[in-house]
Amino acid sequence: MTERGSVAEQSTHETQDGGQSRSERRGFFSRIMLFLRQVVDEIRKVVTPTREELLKMTGVVLVFVIIVIAVVFVLDWLFGQGASFLFGGQESV
């Protein structure tokens, strides 16, 4: 966790007496700088995968895509056969 804490923790501390939050009292550029600091904090949390992890994850995605393509192909073929049967189109292909 960073020194400033998470965004959720900050938002719970923003409300002051009188119901006006800190973000309403901050200037336009101050809010932009706060946003940019939070973006940089989140980017620092990103972990780059190793080559092994990257290859493994790529393989998993490719296998999943191939499975989905096969399922869609089978469903398309089945619905096409059903439509041909119902509407008397061409003979089965």
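The model is predicted, with local features requiring pLDDT of at least 70 and side-chain atom pairs counted only at pLDDT 80 or more, while totals for chains, interfaces and linings use all residues. Residues are numbered from 1 along each chain as its sequence is written, and side-chain values use heavy atoms, hydrogens and water being left out.

The chain contains 4 helices and 0 strands, and its pattern along the sequence is α-α-α-α; helices (H or I, at least four residues) and strands (E, at least two) are taken as DSSP runs and numbered from the N terminus. Of the 93 residues, 6% count as buried, where buried means under 20% relative accessible area, exposed over 50% and partly exposed in between, with a 1.4 Å probe and protein chains only.

Helix H4 comprises residues 51-87. Its 37 residues should span 54 Å at 1.5 Å a residue, and the end C-alpha atoms lie 53 Å apart, which agrees; the expected span is 1.5 Å times one less than the number of residues. H4 is followed by Gly88, which has a positive phi near 65°. An unreviewed UniProt entry places the feature "transmembrane region" at residues 54-79; positions are given in the numbering used here, feature names are shortened, and annotations may be inferred rather than shown by experiment. Over residues 54-79 the chain is 100% helix and 0% strand, with 37 Å between the end C-alpha atoms. A nonpolar surface patch of about 930 Å² is made by residues including Val63, Ile67, Trp77 and Phe79, patches being built from residues with over 30% relative accessible area and no salt bridge, with like charges joined within 9 Å and nonpolar side chains (Val, Leu, Ile, Met, Phe, Trp, Tyr) within 5 Å. Phe79, which belongs to H4, has a relative accessibility of 63% and therefore counts as exposed.

The structure holds 2 salt bridges, each defined as a side-chain nitrogen of Lys or Arg within 4 Å of a carboxyl oxygen of Asp or Glu. In one of them, Arg44 meets Asp41 at 3.8 Å, N to O; both residues lie in helix H3 (residues 28-44), 3 residues apart, about one turn of the helix. Arg44 is exposed at 65% relative accessibility, whereas Asp41 is buried at 11%. A salt bridge also links Lys45 to Glu42, with 3.1 Å between the closest N and O atoms, and Glu42 is partly exposed at 43%.

The ring centres of Phe28 and Phe29 are 5.3 Å apart and their planes are at 75°, so the pair is edge-to-face; both residues, Phe28 and Phe29, are exposed.

Definitions and conventions: Phe/Tyr/Trp six-rings, centres within 6.5 Å; stacked < 30°, edge-to-face > 60°. Areas by Shrake-Rupley, 256 points an atom, 1.4 Å probe, with all protein chains shown as cover.
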